[in-house]
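Hello,

Please have a look at it first and then read on.

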Amino acid sequence: MPRWSVLLSIVLLPNLSSAETDESPLSPPATLPLQQVVPAASTAPLTNPGMGLYRAGTLNPDDLPPEAWFSPLLQIGYFRDDWSVLEPDAEGTYHFDEYFGPIFDLWVKRWQRRVAFRFMSQNMHSRRQYVTPKWVFDAGVPSVKLKGLYTKQQIDPVFWDERYLQIQERFIADLGKYLDGRPGLEFIDIGSIGEWGEMHLARWTPELLRQTGFTTARYIAAYRRLIDAFARAFPQTRVFLNVGDYETINDYAAIKGLHFRQDGLTPSGPSADVGRRFYRRYAPCGVICNYEFYGSYTEMKEKGWGVAETFAKGLEDPISYLHISLMGYRELAQAPAEIRQAVTDAARRIGFRFVLSRLRCNKTLRLREGTPSRLFLEHHWKNEGVAPCYASYALRWTLTDSQGRTVAEQLTFPTRPTTLWRPGDEVMLTDVLIIPAGVQPGVYRLQVAMVEPEHPSVRIQLAIGGRDDAGAYDLCAVSAETHAAGPSIVYEEGFEHGAGGWRAAEGMTVQVAGQAYSGTSCLRVAGTQPGTAWNYAHFSLPRPVLPASRYQLSCWMRVDKIAPKAPAPWLKIALTDASGKWLTNAKTNAYDLDQPGTWQRLVGFVETTSDTAGGDFAIEKGALEGHFDVSLALDDVTFELLESP
């Protein structure tokens, strides 16, 4: 077996492109030949699940032509309507099919996009007198009379009234039964309390509040009930609360699994400073954040508000959704350059944006007859978006031949989940792609895809080039060459000719003795460990341990005597790097103390790290402290190489 000592020397290669690069410097034959790849970066906007730009929905099939500049960027149609549209005539008599059918047919089935909804109980922009259905008031819910923007009078409910809350809870439950988990449904807003459902009572005078028994406590309690109702009704759908100044309401929504939305983004920031006060605090805790502009493009120009400045201000916060409520579809198609540039830039930055910034892997696969090979993968990722990712994704690594056929494929789950790839962070991961025995020499291509294993059709877009129609990204070529198979048994000791270099820890003795498991001799370890070491006996492996490899460690052990409170012993290997620095431990199963005095086979599988070069064996004590009296025997220790790069 060739001597291996050092696996990697990290070298940053300057001015790299997506093409394959030179391997890391070698000290033959001491290192694993590696190539470093820097995939070509992509500036294309990404349209991934759980994020995106959206606009008020339309049912005009001509509003979203494929050739429109905004067509690939606008993935969600947002429909905001009055409660009375869905349940106008009587309690429980719904127009769900008539309302939702055309929307899902156009947006989800025909356009292959997503939809979102809010249904309001108070809406000053409505042209209806009854935003809340009239029958609600006929059922005894108290009301107030307010002037609408387009109506002389609107009849609105007292939101903290018990009867109103009961009716709303029933409506929300039925709406959830109809919509929750429906393919294409992106999110739903809470719209059943406050003006537009936005946590304020803009048209309510102090006298109206007094007459209707308003108190802050009653208002918060009513909100909490409706938050609970939405959380129950929509367990599979994102629910957004339109946040405002009520910190206690916002916090309650967050702990119930709801998310934050705000409709007041201006160049100086959002209303109530919700970005600094709430978004940045709650986004890392799993709360998805969402903005809408305060006004249209025309209003912004009239006020002297810069478009680019407003977008930039919103993107200072960890938002995953942005409602580009600037103008209608026809106007948007002819939008000025500043709008196009700002919208496109937002689509590049919103939500999460994962970049595979660097990859190191074998330049050459060593194929050995009858033995699987290993493709070592060290990959560096960065989130260049403004928000966290709120789903845990996996990576699918694939090796294909010149005909595009898969010869090896493996799903790996990042040890640091994608939900923890924070904006600006760089994450380094190591994995191994197992190449089955029988693969022929040649040149192969390595691909990666980010997937959601529970939903195989989901492919996450990455900010790199080389994406194919199946959502996989081509990374580099890997040559495969046949190599002579070396001995698989790296270390084998039966103690037939002495202790073989094993040494006792303090308080212990080692000696060769009879009553072996096989042959004539075994290693007897006995004494009292005074609490100064983790082990009873140890041995430094003279041969190198290969990096990124898989071994089997096994032995036969017999425990004849052990202190009553002592943990069961086992055999371990402490992996070290080329300088002898400890890296990690791997171990066998522990001896079964319910069967003392019997020979038991202990086995463990060892996955070496990328910088492993050596190792030390030990009969593990299982605790540092404790004066443990023990007498045991060790025989037929074997360390066998199963797979290597």
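In which loop is Trp 196 found? Trp 196 sits in the loop between strand 7 and helix 5 (206-211), where helices (H or I, at least four residues) and strands (E, at least two) are DSSP runs numbered from the N terminus. Its phi is near 60°, a positive value in a residue other than glycine. Phe 495 is not a glycine either, and it has a positive phi of about 60°. You will find Phe 495 in the loop between strand 21 (489-493) and strand 22 (503-504).

A word on the basis of these notes. This is a predicted model, in which local features need pLDDT of at least 70 and side-chain atom pairs count only at pLDDT 80 or more, while totals for chains, interfaces and linings use all residues. Residues are numbered from 1 along each chain as its sequence is written, and side-chain values use heavy atoms, with hydrogens and water left out.

Now to the pockets. A pocket is an open set of points on a 1 Å grid over the protein atoms alone where a 1.4 Å probe fits, with protein on both sides within 12 Å along at least five of seven lines; lining residues have an atom within 4 Å of a point. Grid points are joined across faces, edges and corners, and a volume is the space filled by probe spheres set on the points.

The largest pocket has a volume of about 1,200 Å³. It is lined by 40 residues, and those closest to its centre are Pro 49, Gly 50, Arg 114, Glu 186 and Arg 238. Strand 7 (185-189) and strand 8 (238-242) are the elements that give two or more residues to this lining. By class, the lining has 16 nonpolar, 15 polar and nine charged residues (Ala, Val, Leu, Ile, Met, Phe, Trp, Tyr, Cys and Pro count as nonpolar, Asp, Glu, Lys and Arg as charged, and the others, Gly among them, as polar).

The second largest pocket has a volume of about 970 Å³. Of the 40 residues lining it, Arg 80, His 125, Glu 198, Asp 263 and Glu 292 are the closest to its centre. Strand 3 gives the largest share of this lining, five residues. The classes here are 14 nonpolar, 14 polar and 12 charged.

Finally, the helices. Helix 4 (residues 162-179) and helix 6 (residues 216-233) pack at an angle of about 20°, with their axes 8 Å apart; axes are lines fitted to C-alpha atoms, for helices over the stretch in contact, and angles run from 0 to 180 degrees between N-to-C directions. Helix 4 is therefore roughly parallel to helix 6 (angles under 35 degrees count as roughly parallel). Contact means heavy atoms within 4.5 Å, and among the residues that meet are Leu 165 and Ile 172 in helix 4 and Leu 226 and Phe 230 in helix 6. This contact has eight nonpolar, three polar and four charged residues.

The axes of helix 7 (residues 247-255) and helix 8 (residues 274-282) come within 12 Å and cross at roughly 15°, so helix 7 is also roughly parallel to helix 8. Glu 247, Asn 250, Asp 251 and Ala 254 of helix 7 make the contact with Phe 278, Arg 281 and Tyr 282 of helix 8.

Best wishes

Definitions and conventions:
Angles under 35 degrees count as roughly parallel, over 145 as roughly antiparallel, 65 to 115 as roughly perpendicular and the rest as oblique.
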